[in-house]
Amino acid sequence: MADQAASHTSESRSPVESSPPPSPPAATTHTDTDDLFRNIAKLFRTELSQAVAEFSRQIHNVGQRASDMETRADDMADTLDSDRRDIDSHAAQLETLELKLEDLEQGDHKPKIMASTAVTTNLPKVCAVDVLVASGSSILIIVAMPHFNMFTNITILSSVHLVPSIIQIFIRLRKKKWKLAIAIISAILCISGHIVSLVMFIVEDKSNEKILFFIIAILGTLLVSCNWFENFLPQKDAHCEIKPDQDERNVLYFYGSIVRIVVTWIVVIIYIWTEGEEVWATIKSASSNEQRFILSLFGIQAVSSALCHWFGVVACKMRNVKLGFYIPLTLSELAVIIFNISFYYFKYTEMQTKTEIQTFNVSYFCYNDLLVDNNTMVESLLLEVAHHTCQIIMKIDTLKYVIASGILWYAGSICANLPVYRLKVQRIERTTQLFVRRLYEAPFIDQSMLLNIRTKLKKTKSPDDDDNNNRDLENLMVYLCATMWHETYDEMLKILTSIFRLDKYKSMMSNDTFSFETHIYFDDAFVDNSHDSKRKRITNSYVQFLVTVIEEVYSVFTRNKNQVFHHANTSERRTQTIMSTPYGERLCYKLPCGNLLYVHLKDKKKIRHKKRWSQIMYMYYLLGWKMYRKYALLSEQNPGQQKNIEKELLKAKSNTYILALDGDTDFQPSSLMLLIDRLKMYTGVGAACGRIHPTGIGPMVWYQKFEYAVGHWLQKSSEHVFGCVLCSPGCFSLFRASALMDDNVLKKYSKKATEAIEYIQYDQGEDRWLCTLLLQQGWRVEYNAASDAYTNAPQVFDEFYNQRRRWSPSTMANTLDLLNSGKQTSKKNPSISYLYVIYQILTMASSILSPATVCLMIAGSLSFLFQWDPNGSILVAIIPPAFFTLVCYIAKPSTQIKIAACLSICYVFLMMATFLSIIGDLVRQQTFMTPTGLFLISMSIIYVITALLHPQEFSLLIYGLVYILCVPSGYLLLTIYSLVNMHIVSWGTRETVAPKDKNKQSTKRVRYQNTCKCLCWNIELKVHDSKCEVKEEKSDTTDDQIKIVDAKREHTENEYETEESHVTEELNLERSYSVLEEETLEEEEKLFWEGVIQQYLKPIEEDSQEQARIQSELKSLRNKVTFIIFMINLLWIVATFFLQIIGSTVHIALPKVYINGTYSESEKLYMDPIGLMFLLSFALLLISQFVALLYHRIFTFIHFIAYKKKNERKSTKQGTTESSNHAIRGIVIQNRLVEEI
């Protein structure tokens, strides 16, 4: 080996080293020798450095190749993982399809039982814990506690925290020392209390019987304390914690409850068997009073524990954990002890004042006064409390042990539950997020709730939170999207004021982690204006209104009221931007606090107009271009991070919201924040709407105010509680991006109507149709009554009728579509049950039968007023609606509305006379116990109570009289008008308003001009110098013309090139506060818009043949629907008519009851079975809606209080900071002025 190494070494030497050194000449000096060796060393170093450099370069190359190979290996591993995930996903989809196919092959008659893996895995754990807890509760309450006094039983319940304290000790070993010390002190105090109590029983009981039961009690508390072990485990120990899904946890609780019942009965049977026949004989010999006493105790315990649990949950949802949850539950034990002692002292002093015995003492009081029979239930309970108090007070030696052990247990409980005091929760936090277990332990409700609440809440994203450092908050993105067309100046002022108000709110509330942008989509914003043989494309007067309003609102919100010479009041014109787009123009404003406002001016020659297409436009732009494109680019740039990017995309979709607005909506920032809370806390909510208040003046607005109030108070509240809200109005609704981007939602919403029913369902009620798609896809739609928004309502009769002419058929079409798919929807949407589908069927049936119901009501009014025969009254009552139906088929819409207005006035007088006559008849008959009287009084009581629950809207009851008087017009005439004119699919409102031509000037000098509205006429009065002229503008629309396409494409593509855009110059004229600068749209975004317009939003070309086909199909659909609905109503009326002809043989006789409760033996009240059935059904529907209102109102109140409490605290802090900042800025400006002077 040495030889080989030597040979290897010699072979590896350099040539200089291997060759023999030359023999020096004889005359060589010492210097020459040194130079020679230096040269040799230099040569050696040179060669060696080159070799080292070459070796290093080779090593670097090898390392680079290894790194490249490692990178490729990682990419291959990621690709392999992605392929595996795809395979697993496809396998899961295939398995789901196979199950669905198997279900289809088996049929619905065979039960489908699918075992859950999570349930199977967690069931043994849950059952084991429930066995321990049930055993501990049973032996503690049934076996041990009956042998102790009441004070010992009260205090021993505070010792059920021993196992959680021990777990906290092991968990906190590596954390702060003071936290570990608190856990150790809690455990030591609990064990010390056990020791003191054990000493007490050793001293007191010589037979050791109570010692045995006390040991059993300690064992019971240990077993019970195992109930909350998972609350104190770290979150990373998921294998120890029971964390199945919500539905699976409910199944586990069901099985766990059965296990607890079985274990409790086993303990009871074993205890009776071990104690012998004496216990069973005592149970059987219990008197009826004792049985009622025991049942009363159980009832009181059940009700009080349930109320305690509910109020505790409410306090946590209202973010009042300290004062509303921790302190009351902690002091509950002391409160019970103080109450017992106080009642004992009260009875003792009462007995002492009544008796004349001089030797009155505690012994006399306990053995004489308390042993009294024939007491009431309440007295027996209170005397039992006093009796137990006597037992402990009379034993002075035992009392000190009871006090000492009670203090130790109580102090240990406080230490164990101390983390709850510092707990911070979000408003309206979900109950599953607050508590580990849904169920609570009624025997020790205080300790159960304190130990069950999560000491570390799961990380959820909250719109506002104090402790931002400890929470994993995700920023929310809210897009405010408003659609405009022909809004007036005042209407634009409302929505822009709301937007600027939200901008100011966002700057003040720094903890509300959300960002927002505003997008206004203006339909039909351009008009042609020919000049010098060139056609100019200019904005209309409504765009001028909008720009002017933005300027004025901007100046108001930037004006500094405290300082006159502030730079915001004297600054120069601000620069905003404008750019040309494939759909028209886009303006961009930067709001005072930094948020952006975009105004999209749509050209109907370039892009499809109307509200639904504007919604599709901003959904694709905001969700596709702004959000999805960002993550798509990240995925292209980072191919190895696709999994993380997909997760971030899912978060962004869940945390991105779209607030749909109308051009006249007025709202407060708090309304938006309350809607954000609903979507933020409940991930299954796809949309949420607020309380809409109609604004305006006149009788039509009064009618709508009460109609909207009743619809929101009863209908939307009941829909929210029983299932889902069916319609989230587009004037103020918040939508989740992930819900809109779900399958068959946005894609189907972008579908162009091609059939007759699609024109009615898609374009006449786009908001309701979008909600129908969300519900069918499994998303929940909610209603928040505290989110108030205000919008203008039709103020004249014709606008109201035309609006409802759109809404009514669309509502019916979407509801029938949802009911038709009710079975599939109920399987996919957990919020929609079969009972809710039945509820909607009843509501739909009442809507369909409303014309016949109103006719029968009018017939009853005629019969009551004029004493006519009931059958003759029915014939007379159906004549006006039959005449109006004929008019609707043959006359123009304007004529129909005029006749409807005249008939409505006649019905108003009839309803007023009927209403007063009914009241007079009730007074004359001296009873209101009639079907009509009960219905009228119950309706009034329900409406009054409902209004009292909405104190800010109580004044709307005044408009209830207008609503009642207009019932025939709203439920009879309007129904007929909307059904017969179903084939007219024009918008119906704002169509008669046209922008004024600025170039056209009147040749006459106008001295006075005024415009007024009367019913369905718009009258304009002008007074000139020479004469007075009256002009009448008629708002008729073509009867049979269907406005499927609102504008023809009058010019070809070549003509578009000759158009000149003068938008920038025109909008810059007379602008006082800002100037618009032109910018160029990015090429990528331009291509995006061109693609979207080409695929979804291309202007519809008018085809006369296609229009005629749709016209024919719409009329055919109209005829079918009206025939079915009119026949159903006619059958209802005919059935009532013949039942009245038959007479009393089929009528139901009801006894006449007077006010004092007596019955009339001679007089009877008769009702036909159909009328009684309808009355009972309507009453049942109304009562169920009222109960749902109460439930919904309670939780709305909780949400509102939680938000107000948080908002007031933030406003106080912000107000103080803002005042100080203003003062500082004022001092700085004052100093600068002094320096300049």
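Predicted model: local features only at pLDDT ≥ 70, side-chain atom pairs only at ≥ 80, totals over all residues.
## A patch of negative charge

Together with Glu209, Glu275 and Glu278, Glu277 belongs to a patch of negative charge on the surface.

## Aromatic pairs

A pair of aromatic rings is described by two values, namely the distance of the centres and the angle of the planes. In this model the count comes to 35 aromatic pairs. One of them joins Phe500 and Phe557, whose rings are 5.6 Å apart from centre to centre with 35° between the planes, and this pair is tilted. Phe500 lies in helix H19 (residues 489-508) whereas Phe557 lies in helix H20 (residues 541-558), so the pair ties together parts that are 57 residues apart in sequence. Phe500 is buried, having a relative accessible area of 1%, while Phe557, at 29%, is partly exposed.

The rings of Tyr1191 and Phe1195 have their centres 4.9 Å apart and their planes at 50°, so this pair is tilted. Both residues lie in helix H43 (residues 1169-1236), where they are 4 residues apart, about one turn of the helix. Tyr1191 counts as partly exposed at 48% relative accessibility, and Phe1195 counts as partly exposed at 30%.

## An aromatic cluster

Aromatic residues also gather in a group: Tyr703, Phe706, Phe797, Phe800, Tyr801, Tyr943, Tyr963, Tyr971 and Tyr977 form one aromatic cluster.

Note on methods:
Residues numbered from 1 in each chain as written. Heavy atoms only, no water. Patch = residues over 30% accessible without salt bridge, like charges linked within 9 Å, V, L, I, M, F, W, Y side chains within 5 Å. Areas by Shrake-Rupley, 256 points an atom, 1.4 Å probe, with all protein chains shown as cover. Salt bridge = Lys/Arg side-chain N within 4 Å of Asp/Glu carboxyl O. Lys, Arg positive; Asp, Glu negative; His and termini not counted. Charge placed at Lys NZ, Arg CZ, Asp CG, Glu CD. Phe/Tyr/Trp six-rings, centres within 6.5 Å; stacked < 30°, edge-to-face > 60°. Helix = DSSP H or I, 4+ residues; strand = E, 2+ residues; numbered from the N terminus. Buried < 20%, exposed > 50% of the residue type's maximum accessible area, 1.4 Å probe, protein only.
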